[in-house]
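Please look over the sequence and the model shown below before reading on. The report is meant to be read with the structure in view.

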Amino acid sequence: MATSYDAVEYPTLPRILGHPGHIAAVARMFGVAAPPVERCRVLEIGCGDGVHLTSCAVTMPDAVFVGFDLAADAIARGRQLVERVGLKNIHLEVGDITTWQPDAPFDYILVHGIYSWIPDFVREALMTLVAKSLAPTGVACISYNCYPAGYTRQMLWEMMKYHIGERTNPDEMIEKALELARFIQFCRPKEPDVEMELFDNDVDIVINKQFRNVLFHDELSPTNHQVHFHEFADDARRHGLRFVSELEPHVMANADMPKEIDELLRTLSRVNPERREQYFDFACLRRFRQTLITREPHEPRGVPDPAAIRGLYLTGNCGTDAIDFHSDKPMTFAAGTTAIDVIGPIAKAAMVVLVETRPRRLSFPELLAATAKKLGRDAITDKEADELATDLAIAWTSGLVLLKAFVPRYATEISERPVASPFAREQLRREPNATSLLHLALRFDDAPGRKLVQLLDGTRTLDDLVRELKPIVPADKWPGEAEFRKGLVANLRMLALSGLLVA
Ligand SMILES: C[S@@+](CC[C@H](N)C(=O)[O-])C[C@H]1O[C@@H](n2cnc3c(N)ncnc32)[C@H](O)[C@@H]1O
């Protein structure tokens, strides 16, 4: 039977945070001995066309990926892509949550965009399936819409649905929903309205959606089951599963909380992490969660374990301006509106190493060696390394350092005959979106850029590329051969930095 997802295609994208290498790192930081990633088994429930899983499968040849979805068209599209790229470690199939059976346990289970959007009996089957399919120290990641901020979104959904009335044609429904959202936006006060800021933000999100089809499936879905975190945690526990952490550690941080509340929440973190999460949702008015769960008897630890950093890979995700290792003055590392002050020469030097080497992922021993070198020392002692791990755990929960449990292979230098990821080349034959070997979603809206990636199959030198790209550059935009060549090298460097070139 054709589903609404067959009728209206849902644009699936690779989710960098849904990569098992990310999930494993977060779970290990929160006390779960998450299975080794290189040879893991991954299941995605409701995988759509499987682009996310396929992108993971490209760089993890020894791991096994299984995805199923009710929408036959999406699965057919996904299978075609898998076949064209020639991947043997991924299996996509048509299946229903209420009847699908695992053939063996899975180390990582991904459930994105499903829990809130299915009827009650399917949700019950979903949690039963996750519990049945998860390996003993496996980790599942489930996303869902949550309260308290879900209430303001509900207001907008109800208004849009009223305006849609009896219409059933998806295009008309989307048009009517947007019409209503624009009407509301027009009526709202032009000055910032603190009381209704959340609602105004929801209206903006609807109007500015990148993909109209997402509006149809997400906001206009007949089912949109929102829950408080404690209800989700209870649901998990009823199925023998326990809360581990959120997928993005920085959303669990107390960044702008008043000091007394911050201390209260910290204390609660140690005593009852699940209760702490609920109060934190109230305090920050949360609307969406991506929660990691594992099997009981796991006891949530509430605060990250710095010792786990020793087995993970680190990347800087911030910048700094003044480098000053040896004075008492703190150095500030910042990204966007988040900043931390770092004191002590070792922590400062380690953070500078991470900033300078990004996007490379450094193992902890590599970081220690580079830090010692930066300070002109032979080595960092074990005690100093422990203190550094504690500082890095703070930087991680602030989002300024990234931790992963896996390093994909990709080229950082441009070879004589560069090769782009075969998966990205195949994607670009059909659409402007491509996934890099670092699992980043990239978009190529310009014809020469898209063509360039497709030409990178290892048979062409720089001269060949210039010759073949020239005819598709509009004559009035052709900068001359020397300039074009310079631009081409710069573009190839960008591709290398994004992890699009094969090593
Ligand atoms: C919002 S989309 C999310 C797709 C993908 N997980 C992502 O994040 O891009 C929801 C998906 O769940 C699938 N789905 C809904 N009910 C299902 C069921 N009972 N069994 C299997 N898949 C189902 C839909 O076909 C659709 O592809």
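The text below moves from the whole chain to a sheet, then to a pair of helices, and finally to some details of the backbone.

**The chain as a whole**

The structure is a predicted model, and its protein chain holds 19 helices and 14 strands. The radius of gyration of the protein chain is 24 Å, close to the 23 Å that the globule rule gives for 503 residues, so the chain is as compact as a globular protein of that length. Along its principal axes the C-alpha trace spans about 65 × 65 × 55 Å, and 39% of the 503 residues count as buried.

The domain assignment divides the chain into domain 1 (4-147 + 226-295), domain 2 (157-218), domain 3 (306-404) and domain 4 (422-497). Between the centres of domain 2 and domain 3, taken over C-alpha atoms, there are 43 Å.

**A sheet and a helix across it**

An open sheet is built from 7 strands in the order β3-β2-β1-β4-β5-β7-β6, and its pairing is mixed. Strands β3 (90-94) and β6 (241-246) are the edge strands, each of them pairing on one side only, and the twist from one strand to the next averages 20°. Within this order, β5 (residues 134-145) and β7 (residues 288-295) run antiparallel and are joined by 7 bridges; Ala140, for example, has Ile293 in β7 as its bridge partner. Helix α5 (residues 120-133) lies across β1 (41-45), β4 (106-111), β5 and β6, and it runs at about 160° to β4.

**A hairpin**

Strands β9 (residues 331-335) and β10 (residues 338-342) also run antiparallel, here with 5 bridges between them, and Thr332 stands opposite Asp341 in β10. The hairpin of these strands has 2 residues between them, and in this hairpin Gly336 takes a positive phi near 60°.

**Two packed helices**

Two packed helices are described by the angle between their axes and the distance between the axes. The axes of helix α10 (residues 229-238) and helix α12 (residues 273-284) come within 9 Å and cross at roughly 150°. Because angles over 145 degrees count as roughly antiparallel, α10 is roughly antiparallel to α12. On the α10 side the contact is made by Phe229, His230 and Ala233, and on the α12 side by Glu274, Glu277, Gln278 and Asp281.

**Details of the backbone**

| Peptide bond | Form | Omega |
|---|---|---|
| Tyr147 to Pro148 | cis | near 15° |
| Arg358 to Pro359 | cis | near 10° |

Pro148 is found in the loop between β5 and α6 (150-164), while Pro359 has its place in the loop between α13 (345-357) and β11 (362-363).

Which value does phi take in Leu285, although it is not a glycine? Phi of Leu285 is positive, at about 50°, and this residue is found in the loop between α12 and β7. Leu285 counts as partly exposed, because it has 14 C-beta neighbours inside 10 Å.

His439 is likewise a residue other than glycine with a positive phi, near 70°, and its place is in the loop between β13 (433-435) and β14 (441-443). Is His439 buried or exposed? With 23 other C-beta atoms within 10 Å, His439 is buried.

Terms used
Residues are numbered from 1 along each chain as its sequence is written. This is a predicted model: local features need pLDDT of at least 70, side-chain atom pairs count only at pLDDT 80 or more; totals for chains, interfaces and linings use all residues. Domain bounds come from an automatic or database domain assignment. Two strands pair if DSSP finds at least two bridges between them. Helices (H or I, at least four residues) and strands (E, at least two) are DSSP runs, numbered from the N terminus. Axes are lines fitted to C-alpha atoms, for helices over the stretch in contact, and angles run from 0 to 180 degrees between N-to-C directions. Two residues are in contact if their C-beta atoms, placed from the backbone, lie within 7 Å. The radius of gyration is taken over C-alpha atoms; the globule rule is 2.2 Å times the number of residues to the power 0.38. A residue is buried if 20 or more other C-beta atoms lie within 10 Å of its own, exposed if 12 or fewer, and partly exposed in between; C-beta atoms are placed from the backbone. Angles under 35 degrees count as roughly parallel, over 145 as roughly antiparallel, 65 to 115 as roughly perpendicular and the rest as oblique.
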